[in-house]
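This report concerns the arrangement of strands and helices in one protein model. Please examine the sequence and the structure shown here before reading on.

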Amino acid sequence: GSPGGGVNDGGFSIGCGNTNVTTGLFGRSMVIDSVTRTYQVRVPTNYDPTVPLALVFVFHGNGGSGSGSIGFGLQNAADAGTGAIFVFPDGMPFMAFGVGWDETCGSYDLRWMQQIITSLESTYCIDPRRRFAAGFSWGGDMVNALACCLGPTFRAVANASGGELWNATCPNL
């Protein structure tokens, strides 16, 4: 199942079959803890609401943005552009460290990722067994936190040039 619902008994998200969707690259916003958070979503232009796709989050490093992490090009890898929905979240100022991520388990950022998953899986046809995350630098630290704090939610994470984990005590999942 999905951390916030959004999955039917057949193993695919409840968004399967929904034809009232947006495709291409577009911005979205969501309120978490009374703060409006923004992110970019890329849905293949040939999206088929009967074919479950992978869901891939891509996290920027310190001072970056979701739009900037599009420049990493992961969505351009062979078959990725047609086989996955990509999410490029925008970090926000965190303590005195710059624009990035709160990696502690239960943080607003971790809960926000769960809200994004629930929202997208309620709208689009996504295979919840194929959720992935990649990140660079502080974004790499964030994917470490996703693996630590939300382990069963993601099939795999990829960390590039990040190595820290704020909350080194991972819950027993």
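Which residues of α4 are buried? The buried residues of α4 are Trp 138, Gly 139, Gly 140, Asp 141, Met 142, Val 143, Ala 145, Leu 146, Cys 148 and Cys 149, where buried denotes under 20% relative accessible area, exposed over 50% and partly exposed in between, with a 1.4 Å probe and protein chains only.

## Basis of the model

The model is predicted: local features need pLDDT of at least 70, side-chain atom pairs count only at pLDDT 80 or more, and totals for chains, interfaces and linings use all residues. Residues are numbered from 1 along each chain as its sequence is written, and side-chain values use heavy atoms, with hydrogens and water left out.

Helices (H or I, at least four residues) and strands (E, at least two) are DSSP runs, numbered from the N terminus.

## The sheet

An open sheet is formed by 6 strands in the order β1-β2-β4-β3-β7-β8, with mixed pairing; two strands pair if DSSP finds at least two bridges between them. At the edges are β1 (24-32) and β8, each of which pairs on one side only. From one strand to the next, the twist averages 20°.

Strands β1 and β2 run antiparallel and are joined by 9 bridges. Met 30 has Arg 37 in β2 as its bridge partner.

## Strand β4

Strand β4 (residues 84-89) is mostly covered, with 6 of its 6 residues buried. Ala 84, Phe 86 and Phe 88 point one way from the strand, whereas Ile 85, Val 87 and Pro 89 point the other way.

Pairing of β4 with β2 (residues 35-43) is antiparallel over 4 bridges, and Val 41 stands opposite Val 87. Strand β3 (residues 53-59) runs parallel to β4 and is joined to it by 4 bridges. Val 87 of β4 is also the bridge partner of Phe 57.

## The helices on the sheet

Helix α3 lies across β1, β2, β3, β4 and β7, at about 130° to β1. Helix α4 packs on the sheet, touching β3, β7 and β8, and its direction makes about 145° with that of β7. Contact means heavy atoms within 4.5 Å; axes are lines fitted to C-alpha atoms, for helices over the stretch in contact, and angles run from 0 to 180 degrees between N-to-C directions.

Because 10 of the 12 residues of α4 are buried, the helix is largely enclosed by the rest of the structure. Its buried residues are covered by elements including β6 (99-100), α3 (108-123), β7 (126-136) and β8 (156-160).
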